[in-house]
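This report concerns the pockets, the ligand surroundings and some backbone features of one protein model. Please consult the sequence and structure shown here while reading.

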Amino acid sequence: MYIIKLDAIDSTNTYLKGMASINLPKDYTVVVAEQQTKGRGQMGTQWQTEVGKNLTASVFKHFYNFKVENQFYISMVVSLAVCKALEGFRIPKLRIKWPNDILSAEKKICGVLIENVIKNNKFQGSIIGFGLNVNQKFFDALPKASSMSLLTGIVFDKDEVLSKILKQLQVYFKLLENQKFDVLKTEYEASLFRRDKPSTFKMSNNEILLGIIQGVTETGKLKVWTEDEIIKIFDLKEATLLY
Ligand SMILES: Nc1ncnc2c1ncn2[C@@H]1O[C@H](COP(=O)(O)OP(=O)(O)OP(=O)(O)O)[C@@H](O)[C@H]1O
Ligand SMILES: O=C(O)CCCC[C@@H]1SC[C@@H]2NC(=O)N[C@@H]21
């Protein structure tokens, strides 16, 4: 494991992407920054965190002969590894909000941004970025966010948290390497936020839809039992889970 610690950078994902474009980094090369000036979230959003309080890190993972159709398993691995590490710190009521937000007591404490590295027309590996709210206490502009510290009253050692997450990433990636697809999907679905509960979705055409989350497909689409009594399959661009 090789950890690069930076005081400030635009984005740890962008930094690692730049490294990978020159030479593919070794497996589990980690970039961690105290401050990101252009932290990136999913779907073009910004990742905002208080300087020095939280973990913003990116990890490089190689994949050899990986079938691109299995990509969602990478997402499952990362969400499960973060959850398992957080369980170890006794963070309460952990859930994975599809596809890969980590919630505690229904508030978002961690976001994940996975970006693929393709070279010579081949999928070489992924840059796994995660932003974990560790010791930040105020989220004035983010009403749905919280942190490990806010939820427990404890101030955490960020290095210790990072090291536990990296350890769990290795454990769960081993399962993926050994093709334990069922184990991963079952554990992911068991942790899914609002599974088996009536939920409200906002569709891309702005319609509101009610349904009950059943689980996910192997490619990461959400299976929802709707009012018309059929199972609908949503991809990320189609539906946002409101509550
Ligand atoms: N440090 C952070 N912790 C949690 N969320 C963050 C953080 N930084 C940025 N975000 C993102 O900010 C966005 C706005 O969060 P907010 O809590 O206001 O919910 P929202 O805009 O209603 O979004 P959503 O559709 O994700 O429920 C979300 O996409 C969230 O992922
Ligand atoms: O929208 C999300 O939930 C994903 C947020 C991912 C944020 C992390 S912080 C470290 C890494 N570098 C980035 O620019 N983004 C990810």
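## Pockets and ligand sites

The second largest pocket has a volume of about 560 Å³. Its lining comprises 21 residues, of which Phe-72, Ser-75, Pro-99, Asn-100 and Leu-236 are the closest to its centre. The model is a predicted one. Two elements, α2 (72-88) and β6, each supply at least two residues of this lining. The largest share in the second largest pocket belongs to β6, with five residues. By class, the lining of the second largest pocket consists of eight nonpolar, nine polar and four charged residues. Domain 1 (2-190) and domain 2 (198-241) each contribute at least three residues to the lining of the second largest pocket.

Two or more lining residues come from each of α1 (12-22), β3 (55-62), β5 (101-104), β6 (107-119), β7 (122-132) and β12 (239-241). In the largest pocket, β6 gives the most to the lining, namely four residues. The lining of the largest pocket divides into 19 nonpolar, 16 polar and seven charged residues. Because domain 1 (2-190) and domain 2 (198-241) both give residues to this lining, the largest pocket lies between them.

### Ligand 1

Ligand 1 is surrounded by Gln-46, Trp-47, Gln-48, Thr-49, Lys-97, Lys-108, Asn-133, Leu-142, Pro-143, Lys-144 and Ala-145. The contact with Gln-48 involves a polar backbone atom, 2.8 Å from a nitrogen atom of ligand 1. Asn-133 instead uses an N or O atom of its side chain, at 2.9 Å from a nitrogen atom of the ligand. The side chain of Lys-144 places an N or O atom 2.7 Å from an oxygen atom of ligand 1. On its own, ligand 1 has 610 Å² of accessible area, and the protein covers 71% of this.

### Ligand 2

There are 21 residues around ligand 2, and Ser-11, Gln-36, Arg-40, Gln-42 and Lys-108 come nearest.

| Residue | Atom of ligand 2 | Distance |
|---|---|---|
| Thr-12 | nitrogen | 3.1 Å |
| Gln-36 | nitrogen | 2.9 Å |

### Backbone features

Most residues other than glycine have a negative phi, and most peptide bonds are trans. The peptide bond from Trp-98 to Pro-99 is cis, with omega near 0°. Pro-99 is situated in the loop between β4 (94-97) and β5, and this proline is also among the residues closest to the centre of the second largest pocket. Lys-93, although not a glycine, has a positive phi of about 40°. The loop that holds Lys-93 runs between α2 and β4.

How values were computed:
Residues are numbered from 1 along each chain as its sequence is written. Chains are lettered from A and ligands numbered from 1 in the order in which they are written. This is a predicted model: local features need pLDDT of at least 70, side-chain atom pairs count only at pLDDT 80 or more; totals for chains, interfaces and linings use all residues. Side-chain values use heavy atoms; hydrogens and water are left out. Ala, Val, Leu, Ile, Met, Phe, Trp, Tyr, Cys and Pro count as nonpolar, Asp, Glu, Lys and Arg as charged, and the others, Gly among them, as polar. Domain bounds come from an automatic or database domain assignment. On a 1 Å grid over the protein atoms alone, a cavity is a set of points where a 1.4 Å probe fits but cannot get out, and a pocket is an open set with protein on both sides within 12 Å along at least five of seven lines; lining residues have an atom within 4 Å of a point. Grid points are joined across faces, edges and corners, and a volume is the space filled by probe spheres set on the points. A residue is near a molecule or strand if one of its heavy atoms lies within 4 Å of it. A polar contact is a pair of N or O atoms within 3.5 Å; within protein, one must be able to donate a hydrogen and the other to accept it, and residues adjacent in sequence count only if both atoms are side-chain atoms. Accessible areas come from the Shrake-Rupley method with a 1.4 Å probe; for residues, only the protein chains shown count as cover.
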